[in-house]
Amino acid sequence: MTPATSRFVAYGFASVHDALAAESALASAGVAVIVIPSPRVLGELCGIALRVDPASARAAESALEVAGLPPRASAEIDDL
Amino acid sequence: MTDAPGAGAANSARSCIYLDHSATSWPKPPEVVDAVVNAMTACGANPGRGAYSMALAAARLVFESRRACADLLGVPDARDLAFVSGCTEACNLMLKGLLVPGDRVVVSSMEHNAVSRPLHVLSLGGVRVDIVQADATGTVHAGDVERAVRAHATRAVICQHASNVTGAIQPIGDIADIAHENGALMLVDGAQAAGHMNVDLAALDVDAYAVSGHKGLLGPQGVGLLYLRPGLDVAELLQGGTGGGSSEEESQPQGRPERYEAGTPNTPGIAGLGAGARLWLAHGEEWRAQEQRIFRGLKEGMSAIPGVTVFGPASDEPCVPTLSLVSDRMDCDRIAFLLDRRYGIAVRSGLHCAPWAHRTIGTLETGAVRFGVGYGSTSDDVAAAIAALTELLA
């Protein structure tokens, strides 16, 4: 049986402060967000990263742009 | 209401009449104590070093404390505030991180050893230090700074925001304008200011500003802040782990605030400082008015004691709630000792780590007795101190 998979978008930031500021900005914009350990694919930009549903990615990136906190890296990842 | 903030429940446990707020605030507000305990119990993980729940809770404590401090100090981007071990580290960082051999600085004669000693080290390495004399009240005059700055090319003007000896408030905004008009940086030791006075760093337009966390801001000892203007390149004094950034890189991350926060932070201290900042945000106007009213009573009462000379601005001049005095009838150390032993009044005699300031006001040889009021001080405390000193010197 093939395990069910889903995907998420991970955003990396330059610092823990920026990541938490971005979490706050996304929450204010109504975007559901989870803080996760930074996935290796993001290049270890930070000890933590933000996880967002792909369906919310556009809204998330827009909110981060408005907040002046554009992610330093992002990746769409399989959540196995 | 006649009492200062905190004069209720916090004072019931007091063991003395505490008038040494210029050294450190005591008692601490219960909100600060609770924040420290919470940081050590519920949020005791290492902030920014993991993504598990308690580590994130600790990271959020640091994050929210930084935001509260930025709101209180008028800093638009909280990343421009670095947590450090105290105002002394902040002063060392802004001075040693900016000045290089060949630089010339203009500095006030009222500075604390947190500034004068790093400058002494820098002067041995080739930084020229020119001192601008304050007046007998401890006030620095912008015109005197301007003459000194214009005399020679100047890298930085360094001045305290308020005196830890006389309470004088320096005209930092005017001095910053003079510094910038002449191509110099404006660096400020704000140890005695934040909390006791409204500090708006954006309005002051300074380049660096050092803050104590445990004095007027009511946090625990061992924590402070350094504000750096956006874009100002100040070399870090320490390198090490920061949690974020690219750990595999050999060099220290250059982004703020991590560049200046190598090593595990003082999370309990930072949490307590954040709680203090939130209290000032909520009650600042009311609390400052109460402090000033109680302090005026202290100053007027002490000034009326025969043989006592009180140093500092006139009673109707703005100042932080600190004064120093001498008596022609008893040495300062004896006054402080007897106030403690006979009356349970805590004050500090001596030079208050500020020999430059005491030289300026003429008390380098005798020292002085310093009184400072703050959170928890009451009108009754001040009345008791005046009565005690009057009796001692009768």
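Modeller: A salt bridge here is a side-chain nitrogen of Lys or Arg within 4 Å of a carboxyl oxygen of Asp or Glu. Before we use that: this is a predicted model, where local features need pLDDT of at least 70, side-chain atom pairs count only at pLDDT 80 or more, and totals for chains, interfaces and linings use all residues. Residues are numbered from 1 along each chain as its sequence is written, chains are lettered from A and ligands numbered from 1 in the order in which they are written, and side-chain values use heavy atoms, with hydrogens and water left out.

Biologist: Fine. How many salt bridges does a search of the whole structure find?

Modeller: Over all chains, the count is 19. One of them pairs Asp20(B) with Arg370(B), at 3.5 Å from N to O. These two are 350 residues apart and link distant parts of the chain: Asp20(B) sits in the loop between β1 (17-18) and α2 (30-41) of chain B, and Arg370(B) in strand β13 (residues 368-372) of chain B. Helices (H or I, at least four residues) and strands (E, at least two) are DSSP runs, numbered from the N terminus.

Biologist: Is Asp20(B) buried or exposed?

Modeller: Buried means under 20% relative accessible area, exposed over 50%, partly exposed in between (1.4 Å probe, protein chains only). Asp20(B) has 13%, so it is buried. Arg370(B) is buried too, because its relative accessible area is 2%.

Biologist: Which residue forms a salt bridge with Asp80(B)?

Modeller: That's Arg256(B), with the closest N and O atoms 2.9 Å apart. This pair also links distant parts of the chain, at 176 residues apart: Asp80(B) is in the loop between α3 (53-73) and β2 (81-84), and Arg256(B) is in the loop between β8 (224-228) and α9 (267-303) of chain B. Both Asp80(B) and Arg256(B) are buried.

The loop between β8 and α9 also holds both ends of another pair, Glu236(B) and Arg259(B), 23 residues apart. Their closest N and O atoms come to 2.8 Å. Glu236(B) counts as buried because its relative accessibility is 15%, and Arg259(B) is buried at 9%.

Biologist: What about the backbone: which peptide bond from Arg256(B) is cis?

Modeller: The one to Pro257(B), with omega near 0 degrees. Pro257(B) belongs to that loop between β8 and α9 of chain B. Another cis peptide bond joins Trp26(B) and Pro27(B), with omega about -5 degrees; Pro27(B) is in the loop between β1 and α2 of chain B.

For phi, look at His352(B): the value is positive, about 55 degrees, although this residue is not a glycine. His352(B) is in the loop between β12 (348-350) and α11 (355-361) of chain B, and is buried, with a relative accessible area of 1%. Asp205(B) likewise has a positive phi, near 60 degrees, but is partly exposed at 38%.

Biologist: And in chain A, why is strand β1 (residues 6-12) largely enclosed by the rest of the structure?

Modeller: Because five of its seven residues are buried. For its pairing, two strands pair if DSSP finds at least two bridges between them. Seven bridges join β1(A) to strand β4 (residues 73-79), running antiparallel, with Phe8(A) opposite Ile77(A). Four bridges join β1(A) to strand β3 (residues 48-52), again antiparallel, and there Gly12(A) has Ala49(A) as its bridge partner. Charges turn up in chain A as well: Arg7(A), Glu76(A) and Asp78(A) are linked in a network of salt bridges.
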